[in-house]
Amino acid sequence: MKVVYCGGCNPHIDRSAVAAGLPLDDQDVRAGATVHLSGCPRACASDHRLTGEQDAAPGAAAEAAPRPGRDQVKVVVAGELVDGVPTPEAQLATTITRKLKE
Amino acid sequence: MTLRTPEEFIQSLADLHLQIYLFGEKIDDYVNHPIIRPSINCIAMTYELAAQPEYESLMLATSHLSGKRVNRFTHIHQSTDDLSKKVKMQRLLGQKTGSCFQRCVGMDAINALYSVTYETDQAKGTDYHARFKKYVQYLQDHDLVADGAMTDPKGDRSLPPHQQPDPDMYLHIVEKRDDGIVVRGAKAHQTGACNSHEIIVMPTVAMREGDEDYAVSFSCPANAEGVYYIYGRQSCDTRKLEDNALDVGNANFGGQEALMVFDDVFVPWDRVYMCGEIEFSGALVERFAGFHRQSYGGCKVGVGDVLIGAAATAADMNGAAKASHIKDKLIEMTHLNETLFSCGLACSYEGVRMPAGNFQIDMLLANVCKQNVTRFPYEIARLAEDIAGGLMVTMPSAQDLADEKIGPIVEKFLVGQCDTPVIDRLRILRLVENLTLGTAAVGYRTESMHGAGSPQAQRIMIARQSNINHKKELAKALAGVGKPWQNKAKVPTAVQAD
């Protein structure tokens, strides 16, 4: 599992503490999984995206957007948001872990 | 239909036969009314520029829904590039019209509702997002103008909507039917309402328990049965009824506000996007306000460009352009104006892709942008009045200038810099007057204060997102707060006496 950090200029959360709570060696987490860990809602670690979903081509249905493969699990943290859903800081690590194992 | 021409837009507006009241009279030929027409010309400019190749990169966008080229005012932002182009487009239109061009509210409403309907569906299992996307594509395919209607009259501000003595102080649902809802109430200060094909209604505050009937969002045609408009006055508006263009200052363009009344209006379900979901009303208010606070970092800057240009031209015509204090004031005006633009761009570049797929501005920076807008245009206007001189508010009328006997006297005594025709000097001073205390001051000054939310609304949002604890930790770390204190007096270096 890989953690991609933002630059850390405006952290609303303790990114290091969140990363320390992640299951780095857990067998249930698929190889290649990535956690994009930004300190604030600007989501710099994930190129300003609050979720890992891809864009559909213009004019195409949203369902037509490219889907990540099973080995490309991507969780986006932006301050107290996990994949765009408000999540208190104390619950960030457990929420990310659950998503990594889904 | 694809993109409309300005002429097609104006004809389509006339064809709506809107119910508009002005000075106590119903106005049937509103597209040719001298007080209303300048505001229509502003929106027509959003069509005119879209047809010109040199403005296409700002004025047009590719719809993510249809893949077609659409007017950016109907576009759902797909990137931070879209967000910054929106601000630049607004600056361009402010420059071309010297006015509020009114089409932004609908754009900001569709972008706010796009993500809120998606998130409501995710949480509640509703189908608002699919029906809203269909509506957005309808706006795009027909190149329509939509009014984003948020501000309720609000009555007694100390009471929530459902406790108001008159329940109509906040727009609300009065009946739910199998085929739709019936709504009653009003929306105040509606910019461009009488120039719109469509109305998009949103709640004005975060609703609480008991306010369910007030947590309502929908769209309807601007000429829906039961909808009518009472046109708002502007300072010096009746100058537009006089038979000359000079004293108006900006004869071709102007803003528009109206009180929009909903007298038991029926809305079918496929046009309803929120119906009682109080927990999502706050997000809708914040996101619309956020987008609109970003907008002011573009539109007011464009109008500011015109005012700075007018002040500089007035200085030229007064023969004062070389004075160092005049140059410095123009620098200060430019500095303030570009600071506003910087904020508009910053909140765009720091925008994020929402779970719904659209891009939203950075909320903190958008609120900082608008907070500056509540102040800087006032200072820019003050400096413009300083540079222009008192003549802008004391000069005789156009009728005096045209008078056979008085006219030559006016010309003799109002001459400025020798090469400047007096008529041109008066024109530029009237433009400064128009922008600083005439009809356009509604848009440039008071709208800068209260439009998109009054100053305190931004301060609440800034406080909420200021991350003050992080700042405290930074200071404590550098000062050594909390570390053991070692009481070692620093021994001063001995000074050798001569």
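Chain A and chain B bury about 1,500 Å² between them, with 46% of that area on carbon and sulfur atoms. Keep in mind as you look around that this is a predicted model.

Let's stay at the interface for a moment. The contact draws 21 residues from chain A and 21 residues from chain B. On the chain A side, A:Arg42, A:His48 and A:Leu50 supply 37% of the area that chain A buries against chain B, more than any other three residues. Two salt bridges are counted between the chains. A:Arg42 also pairs with B:Asp362 in a salt bridge, where the closest N and O atoms are 2.7 Å apart.

| Core | Residues in core | Members include |
|---|---|---|
| Largest | 61 residues | B:Met59, B:Phe73, B:Leu93, B:Leu307, B:Met333, B:Leu429 |
| Second, separate | 42 residues | B:Ile20, B:Val31, B:Ile36, B:Ala149 |

B:Phe73 is worth a click: leaving aside residues up to four places away in sequence, its contacts include B:Met59, B:Met89, B:Leu93, B:Phe101 and B:Arg103.

Some nonpolar side chains sit on the surface instead. B:Tyr21, B:Ile230 and B:Leu259 form a nonpolar patch there, with about 220 Å² of accessible area together. B:Leu259 belongs to strand β11 of chain B (residues 257–268), and B:Leu259 counts as partly exposed because its relative accessibility is 33%.

Definitions and conventions:
Residues are numbered from 1 along each chain as its sequence is written. Chains are lettered from A and ligands numbered from 1 in the order in which they are written. This is a predicted model: local features need pLDDT of at least 70, side-chain atom pairs count only at pLDDT 80 or more; totals for chains, interfaces and linings use all residues. Side-chain values use heavy atoms; hydrogens and water are left out. A nonpolar core is a set of buried Ala, Val, Leu, Ile, Met, Phe, Trp, Tyr and Cys residues joined through side-chain atoms within 4.5 Å. Buried means under 20% relative accessible area, exposed over 50%, partly exposed in between (1.4 Å probe, protein chains only). Contact means heavy atoms within 4.5 Å. Patches are made of residues with over 30% relative accessible area and no salt bridge: like charges are joined within 9 Å, nonpolar side chains (Val, Leu, Ile, Met, Phe, Trp, Tyr) within 5 Å. Accessible areas come from the Shrake-Rupley method with a 1.4 Å probe; for residues, only the protein chains shown count as cover. A salt bridge is a side-chain nitrogen of Lys or Arg within 4 Å of a carboxyl oxygen of Asp or Glu. Helices (H or I, at least four residues) and strands (E, at least two) are DSSP runs, numbered from the N terminus. Buried area is the accessible area (1.4 Å probe) that two parts lose on being put together, summed over both.
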